[in-house]
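This report walks through one protein model, step by step, for a reader who is new to structures. Please keep the sequence and the 3D view open while reading.

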Amino acid sequence: MVNDTIADMLTRIRNANLAKHQIVQVPATKMTRNIVKVLQEEGFIYEFEEIEDSLKTQLIITLKYKGKNKQPVITALKRISKPGLRVYANHKELPRVLGGIGIAIISTSKGVMTDRHARHYGLGGEVLCYIW
């Protein structure tokens with residue numbers, strides 16, 4: 001039983017990137033599904049697929065690499081809001097990751113989105129993670 005499914009997912013993606021794996025498998029929850037959707041929309045991963053086993057549902061994420069020597073598109077992933085210390089920001093305080101090169105994934109009242117979209121819609125929320 002994993003308490004922090006988001007941190008678990010980010011760690012699995014980070015480890016697969018370091019090992020230059022093509023796919024990574026993570027347990028599916030509503031939150032991990034929404035975060036992976038945002039990663040796909042922003043071009044950090046190719047695609048994801050949901051597979052149902054007898055007891056649990058898994059997400060199969062296809063990672064993205066660039067160049068001949070397979071440099072990962074995702075350089076780093078950092079969990080910000082943790083179960084022990086939640087981090088919230090209103091739309092004026094939303095962080096910019098590396099001056100706009102990276103993205104912050106925000107959980108808002110209108111769903112999970114990037115910091116750019118949340119700023120556009122004037123929404124604040126919980127700052128889940130940074131990805132660059």
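Is Gln-58 buried or exposed? Gln-58 is buried, with a relative accessible area of 6%, where buried means under 20% relative accessible area, exposed means over 50%, and partly exposed lies in between (1.4 Å probe, protein chains only).

## About the model

This is a predicted model, in which local features need pLDDT of at least 70 and side-chain atom pairs count only at pLDDT 80 or more, while totals for chains, interfaces and linings use all residues. Residues are numbered from 1 along each chain as its sequence is written, and side-chain values use heavy atoms, with hydrogens and water left out.

## A sheet with three strands

Helices (H or I, at least four residues) and strands (E, at least two) are DSSP runs, numbered from the N terminus. Three of the strands make up an open sheet with antiparallel pairing, in the order β1-β3-β2; two strands are said to pair if DSSP finds at least two bridges between them. Because β1 (23-27) and β2 (45-52) stand at the edges, each with a single partner strand, one side of each is left without a neighbour in the sheet. From one strand to the next, the twist averages 25°.

Between β1 and β3 (residues 57-63), which run antiparallel, there are 5 bridges. Pro-27 has Gln-58 as its bridge partner in β3, and Val-26 stands opposite Leu-59 in that strand. In a regular strand the side chains alternate between the two faces of the sheet. In β1, Val-24 and Val-26 belong to the covered face, whereas Ile-23, Gln-25 and Pro-27 belong to the uncovered one.

## Gln-58 and its surroundings

Gln-58, the buried residue of the opening question, lies in strand β3. Its side chain makes a polar contact with the side chain of Gln-25, at 3.5 Å. A polar contact is a pair of N or O atoms within 3.5 Å; within protein, one must be able to donate a hydrogen and the other to accept it, and residues adjacent in sequence count only if both atoms are side-chain atoms.

Contact in the wider sense means heavy atoms within 4.5 Å. If neighbours within four places in sequence are left aside, the residues in contact with Gln-58 include Gln-25, Val-26 and Pro-27, and also Glu-49, Glu-50 and Ile-51.

Helix α2 (residues 30-41) lies across β1, β2 and β3, and runs at about 155° to β2. For such values, axes are lines fitted to C-alpha atoms, for helices over the stretch in contact, and angles run from 0 to 180 degrees between N-to-C directions.

Two packed helices are described by the angle between their axes and the distance between the axes. The axes of α1 and α2 come within 9 Å and cross at roughly 45°. The two helices α1 and α2 are therefore oblique to each other, given that angles under 35 degrees count as roughly parallel, over 145 as roughly antiparallel, 65 to 115 as roughly perpendicular and the rest as oblique. Among the residues that make this contact are Thr-5 and Met-9 of α1, together with Thr-32 and Ile-35 of α2.

## Thr-32 in helix α2

Thr-32 has its place in helix α2 and is buried, with a relative accessible area of 1%. The side chain of Thr-32 reaches the backbone oxygen of Pro-27 at 3.4 Å. Apart from neighbours within four places in sequence, Thr-32 is in contact with Thr-5, Met-9, Pro-27 and Leu-59.

## Residues further along the chain

Which strand holds Leu-128? Leu-128 lies in strand β10 (residues 125-131) and counts as buried at 1% relative accessibility. Beyond neighbours within four places in sequence, the contacts of Leu-128 include Ile-6, Met-31 and Ile-35.

Tyr-121, by contrast, is exposed, with a relative accessible area of 53%, and lies in helix α3 (residues 115-121). Tyr-121 and His-91 are 30 residues apart in sequence and 8.5 Å apart in space, C-alpha to C-alpha.
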